[in-house]
Amino acid sequence: MRSIRRQLLSILLGTFVFAAALLGFSGPALAHDAAESSSPAQGATLAAPPEKVSVTFSKNPLGIGAQFSVKDSSGAEWADGAVEIVDNVASQKLKAGAPAGAYTVAWRVVSSDSHPIEGTFGFTATGAAAGAPASGVSTPGASATAAAGVPGMGTAQPGITVAPEPAVDASEPFPWSLVIFAAVALGLLVTIGVLAKRRLAVGGEDEDTGASKS
């Protein structure tokens with residue numbers, strides 16, 4: 001009987017170890033998407049402001065709800081038009097004539113599991129972009145745009161996304177890993193029960209045989 005109990009305890013311990021390992025592997029699969037890199041890189045110094053900025057993600061973000069804000073040190077907004085998403089890269093064009101100086105980029109997208117994620121990064125341009133006005137020269141067009149109250153962030157609009165994206169599902173993604181774990185655990189428990197019955201039956205027969213011999 002003691003040997004049977006030890007074997008059952010060993011099987012149960014192995015089941016718990018297997019379950020812990022399975023949950024450990026399924027954890028990263030349930031994690032939200034993450035930003036892997038940006039262009040320009042965080043803290044980069046450029047000769048002039050780029051034509052566009054972008055963020056690369058671990059998975060393809062959804063093609064709706066994406067927003068970018070690109071502001072210079074004075075707080076002026078330089079994001080121009082809608083956000084474009086191609087595969088796992090979200091990009092935002094900049095207006096022409098951006099001045100030299102420090103820039104802050106704030107982004108927000110909807111990840112592939114329908115959860116919004118956001119972040120910021122910054123870069124510095126040592127020179128102005130082509131077409132930038134000379135220092136001290138006012139730009140009526142820019143002031144008129146500011147007065148008109150143009151939205152500060154580029155926003156992804158229907159039809160702008162290059163690659164078609166699935167519709168957003170407001171519900172949580174189905175936890176298939178948990179279902180697999182439950183099925184495996186149930187199978188192990190059934191197996192343990194069958195083995196225990198067989199071993200107990202064999203032990204009982206041995207005892208009966210020993211008694212009859214005596």
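**Ground rules**

I note that this is a predicted model, in which local features need pLDDT of at least 70 and side-chain atom pairs count only at pLDDT 80 or more, while totals for chains, interfaces and linings use all residues. Residues are numbered from 1 along each chain as its sequence is written, and side-chain values use heavy atoms, with hydrogens and water left out.

**Overview and confidence**

I listed three helices and nine strands for the protein, and from the N terminus on I read the order of elements as α-β-β-β-β-β-β-β-β-α-β-α. Of the 214 residues, 26% count as buried, where buried means under 20% relative accessible area, exposed means over 50% and partly exposed lies in between, with a 1.4 Å probe and protein chains only.

I then checked pLDDT, the predictor's confidence in each residue from 0 to 100; the protein averages 74, and 56% of the residues score at least 70. Confidence is highest in β4, at 98, and lowest in helix α2 (residues 140-147), at a mean of 37. Over residues 136-152 the pLDDT is below 50, and this stretch has seven contacts in the model beyond near neighbours in sequence, a contact being heavy atoms within 4.5 Å. Over residues 155-173 the pLDDT is also below 50, but there I found 33 contacts beyond near neighbours in sequence.

For the protein, residues 24 or more positions apart account for 69% of the contacts with a separation of 6 or more.

**The four-stranded sheet**

I traced an open sheet of four strands in the order β1-β3-β6-β5, with antiparallel pairing. Its edge strands are β1 and β5, each of which pairs on one side only. Neighbouring strands of the sheet are turned by 20° against each other on average, direction ignored, with axes taken as lines fitted to C-alpha atoms (for helices over the stretch in contact) and angles running from 0 to 180 degrees between N-to-C directions.

I counted four bridges between β1 and strand β3 (residues 52-57), which run antiparallel. Along this pair I located A35 opposite F57 in β3 and S39 opposite S54 in β3. On the β6 side, I found A90 as the bridge partner of V55.

**Backbone entries**

I noted a cis peptide bond between S39 and P40, with omega at about 0°; P40 sits in the loop between β1 (35-39) and β2 (44-46). D87, in the loop between β5 (84-86) and β6 (89-93), has a phi near 55°, a positive value in a residue other than glycine. S114, in the loop between β7 (101-110) and β8 (116-125), has a phi near 75°, again positive in a residue other than glycine. I flagged these entries because most residues other than glycine have a negative phi, and most peptide bonds are trans.

My last entry concerns G122, which I placed in strand β8 and which counts as buried because its relative accessible area is 16%. Not counting residues up to four places away in sequence, G122 touches A41, Q42, G43, A44, Y103 and T104. I also noted that G122 and A44 are 78 residues apart in sequence but 7.5 Å apart in space, C-alpha to C-alpha.

Definitions and conventions. Helix = DSSP H or I, 4+ residues; strand = E, 2+ residues; numbered from the N terminus. Pairing = 2+ DSSP bridges.
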